[in-house]
Amino acid sequence: SVGEKDYSTKTNSMVSNNNRNHLTSEDEEYIYFGGPFTVKRILKEDNTVESVFEIKDFSDEIVDVESFLDKLYLLTFSNKLISMSKEGNNIEEIELKDIDSPSFYTYDNELYIVANSTGDVYKLNSEDLELEEADSAIINQYVAADGTLFIKKNENGLGRVYVVVDGELHIFIFTITSQANIP
């Protein structure tokens, strides 16, 4: 009928790993989503849903999910980092000591863990799950698909966005155009 949407085609990107989604992430084939005790994935090609991981004893809760390179990473309420294959195999787990309220952050093809209570940032080595302190300024930097670097700053109580051109900061200004007549 007229106006109905056809959902039988391939699922489009909904997530794009934009660092604002804490229980969803994606790669080329799947969208991963977590609940308190499970992680599932949707095959973009045909919207098939599969279970990937489950906390069986319900003693902890999943608070963040990140698909990065060839692995899937989870953070839990009790500050555990869980790493696994994207099929849910080869599970490794470490405790994140001294990192309160952690969340994932991706920047410049690297995976980071942010301690939200302090703002400290740690780069994650995906091979051995070791953490290395990183510059906390990266959580205010965004690299666009074309490589353009944007930096968010708080100046005089105002939030401002800058774009880096030839190594120099320039205030980023955009205009919104509309067909509507605005008085």
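1. Strands E3 and E4 pair in the antiparallel sense, with five bridges between them. The model is a predicted one. Within this pair, Val 39 stands opposite Phe 53, a residue of E4. Five residues lie between the two strands of the hairpin, and Asn 47 has a positive phi there, near 65°.

2. Two further hairpins involve strand E11. The pairing of strand E10 (residues 110-115) with E11 is antiparallel and rests on four bridges. Tyr 112 stands opposite Lys 123, which belongs to E11. The hairpin of E10 and E11 has four residues between its strands, and Gly 119 in the turn shows a positive phi of about 85°.

3. On to the next strand. E11 (residues 120-125) also pairs with strand E12 (residues 130-134), again in the antiparallel sense, over five bridges. Lys 123 has Glu 132 of E12 as its bridge partner, and Asn 125 stands opposite Glu 130 in E12.

4. Leu 131 lies in strand E12. With a relative accessibility of 29%, Leu 131 counts as partly exposed. Its C-alpha atom is separated by 9.4 Å from that of Val 121, ten residues away along the chain.

5. Positive phi values also occur in other loops. Most residues other than glycine have a negative phi. Leu 69 has a positive phi near 50° and sits in the loop between strand E5 (62-68) and strand E6 (71-76). At 61% relative accessibility, Leu 69 counts as exposed.

6. Ser 101 has a positive phi near 55°. Ser 101 is placed in the loop between E8 and strand E9 (102-107). Its relative accessible area is 38%, so Ser 101 is partly exposed.

7. How many salt bridges does a search of the whole structure find? The search finds five. One of them joins the side chains of Glu 26 and Lys 44, at 2.4 Å from N to O. Glu 26 is in strand E1 (residues 24-26) and Lys 44 is in the loop between strand E3 (38-43) and strand E4 (49-54), so the pair ties together parts that are 18 residues apart in sequence. Both Glu 26 and Lys 44 are buried.

8. Another salt bridge is formed by the side chains of Asp 27 and Lys 86, with an N to O distance of 3.0 Å. Asp 27 belongs to the loop between E1 and strand E2 (30-34), and Lys 86 to the loop between E7 and E8, so this pair ties together parts that are 59 residues apart in sequence. Are the two residues buried or exposed? Asp 27 is buried, and Lys 86 is buried as well.

9. A salt bridge also connects the side chains of Glu 50 and Arg 41, at 2.6 Å from N to O. Glu 50 counts as partly exposed, because its relative accessibility is 32%. Arg 41 has a relative accessible area of 8%, so Arg 41 is buried.

10. Which residues form a negative surface patch? The patch consists of Glu 28, Glu 29, Glu 45, Asp 46 and Glu 87. Of these residues, Glu 87 is found in the loop between strand E7 (80-85) and strand E8 (92-95). That loop between E7 and E8 also holds Lys 86, which is in a salt bridge with Asp 27.

Conventions
Residues are numbered from 1 along each chain as its sequence is written. This is a predicted model: local features need pLDDT of at least 70, side-chain atom pairs count only at pLDDT 80 or more; totals for chains, interfaces and linings use all residues. Side-chain values use heavy atoms; hydrogens and water are left out. Patches are made of residues with over 30% relative accessible area and no salt bridge: like charges are joined within 9 Å, nonpolar side chains (Val, Leu, Ile, Met, Phe, Trp, Tyr) within 5 Å. Accessible areas come from the Shrake-Rupley method with a 1.4 Å probe; for residues, only the protein chains shown count as cover. A salt bridge is a side-chain nitrogen of Lys or Arg within 4 Å of a carboxyl oxygen of Asp or Glu. Lys and Arg count as positive and Asp and Glu as negative; His and the chain ends are not counted. The place of a charge is taken as NZ of Lys, CZ of Arg, CG of Asp or CD of Glu. Buried means under 20% relative accessible area, exposed over 50%, partly exposed in between (1.4 Å probe, protein chains only). Two strands pair if DSSP finds at least two bridges between them.
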